[in-house]
Amino acid sequence: MPHVPNLFERLYILRANRAPGAIYDLLGGGTVKSVALAAEFGVFDALADGPATADDLATRLAAHEETLDMLCRFLGRAGYLDSDGDTYALSDLSERWMVGDPGLVDWFTFWDSVVYPFWDDNATAVLRTGEPEQSVYEWLDDHPDRWPTAQRGFEAVAKLALDPVLDNVDVRGKRRLVDLGGGHGRYSIGACRVTPGLEATVVDSPVALDVARANAADAGLAERIHTIGGDLLADDIGSGYDLAFAFNVVHGFTPAENRRLFERTADALDPGGSVVVMDQFEGAGPIATARAMNDFIGFTYRVLLGGRVYRFEQVEAWLREAGFTDVERVDLRRAPGVTLVTGTLPK
Ligand SMILES: C[S@@+](CC[C@H](N)C(=O)[O-])C[C@H]1O[C@@H](n2cnc3c(N)ncnc32)[C@H](O)[C@@H]1O
């Protein structure tokens, strides 16, 4: 997919079960590999400059012409490229979502070169024991050359979620933000852009923070965005903040670790300070695809981190135990399957 079965296929194959509909999933898996391979060779970047023939592309990208033509043909059928005779161009889907700095192509590359290689080495053992021997973040720390790929993948998703998040988080008048597991720093940068005078501190593992510093400098915000390298659950995360983000970190921790995370967050905030948690939640999502994606992502968190997607009620309880009140939930409509939870400390 986005190969979309037509009405006949949906009725005959999927609803009446007259042919094996599982083939669509084989096609979807092959599409991810094909998109990632095309991205590795620079096909999407080259076509972002304008349409080209396979011949021309093969010369520019040092690829075998007939083989590249076969790959582009398939990507055309899968909806990623348009073709006119022997000329290929980005499809509307690719123009809008896949290319860019970063684009969803980078998210596919992350799955292809970080998630699935880790899965191949660990999933069998995880299914027996319930957790990987080391988390994917520890593995990335041992393979620092892969961290930029992971960060670009996270950034591609953050780029899509940033506006819906800022539409739903009240950053007005805030002075000091701590972005827990903020990695690439895009959310801190976005919050600083819309909030004059706000200073942000991104806390993450030391090796993950190079990207945050580079992004802050590119955005002209190096003076207002600070970093602390360390373990969220054990090391100093600073203090005197009035806002904390915990975006896409809860799913990687055990319930005991999340209790500890929120206790430490409450300690780092001034009275009256707020925390915003963003994650996927079990059963959440306005459409069946988002709910299925959350189940799949939850299983993937188990393989990568020993984690899971939690129920909202669990996160709510941990926040209340840590002293937060007024706990509220917003399911982001423009980012289906993603939920924000806010809590505030008494003044
Ligand atoms: C999935 S990424 C999310 C990045 C960013 N918050 C976002 O939403 O795009 C999770 C981040 O949390 C960091 N992280 C996870 N566990 C951590 C820990 N115990 N200490 C410090 N950072 C941690 C990872 O290094 C990674 O950068």
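Tutor: The shell around the ligand consists of 8 nonpolar, 7 polar and 2 charged residues. This is a predicted model, and the values that follow are computed from it. In total, 17 residues surround the ligand. The closest are Gly181, His184, Asp204, Phe247 and Asn248.

A nitrogen atom of the ligand is 2.8 Å from a polar atom in the backbone of Gly181. A ligand nitrogen also lies 3.0 Å from an N or O atom of the Asp231 side chain. On the oxygen side, a ligand oxygen is 2.8 Å from an N or O atom in the side chain of Asn248. Of the 590 Å² of accessible area that the ligand has on its own, the protein covers 91%.

Now the strands. Seven of them form an open sheet with mixed pairing, in the order E6-E5-E4-E7-E8-E10-E9. Strand E6 (225-229) and strand E9 (325-331) stand at the edges; each has a single partner strand, so one side of each is left without a neighbour in the sheet. On average, neighbouring strands of this sheet are turned by 20° against each other, direction ignored.

Within that sheet, strand E4 (residues 176-180) pairs with strand E5 (residues 199-204) in the parallel sense, over 5 bridges. Along this pair, Arg176 stands opposite Glu199 in E5. At the other end of the strand order, helix H14 (residues 312-321) lies across strand E8 (269-279), E9 and strand E10 (339-344). Helix H14 runs at about 155° to E9.

There is also an open sheet of 3 strands, with the order E1-E3-E2 and antiparallel pairing. Its edge strands are strand E1 (52-53) and E2, each of which pairs on one side only. Strand E2 (residues 81-84) and strand E3 (residues 87-90) are joined in the antiparallel sense by 4 bridges. Ser83 stands opposite Tyr88 in E3. The hairpin of E2 and E3 has 2 residues between the strands, and Gly85 takes a positive phi near 65° there. E1 pairs with E3 in the antiparallel sense over 2 bridges.

Methods: Residues numbered from 1 in each chain as written. Predicted model: local features only at pLDDT ≥ 70, side-chain atom pairs only at ≥ 80, totals over all residues. Heavy atoms only, no water. Near = heavy atom within 4 Å. Polar contact = N/O pair within 3.5 Å; in protein donor to acceptor, adjacent residues only side chain to side chain. Areas by Shrake-Rupley, 256 points an atom, 1.4 Å probe, with all protein chains shown as cover. Nonpolar A, V, L, I, M, F, W, Y, C, P; charged D, E, K, R; others polar. Pairing = 2+ DSSP bridges. Axes fitted to C-alpha atoms, helices over the stretch in contact; angles between N-to-C directions. Contact = heavy atoms within 4.5 Å.
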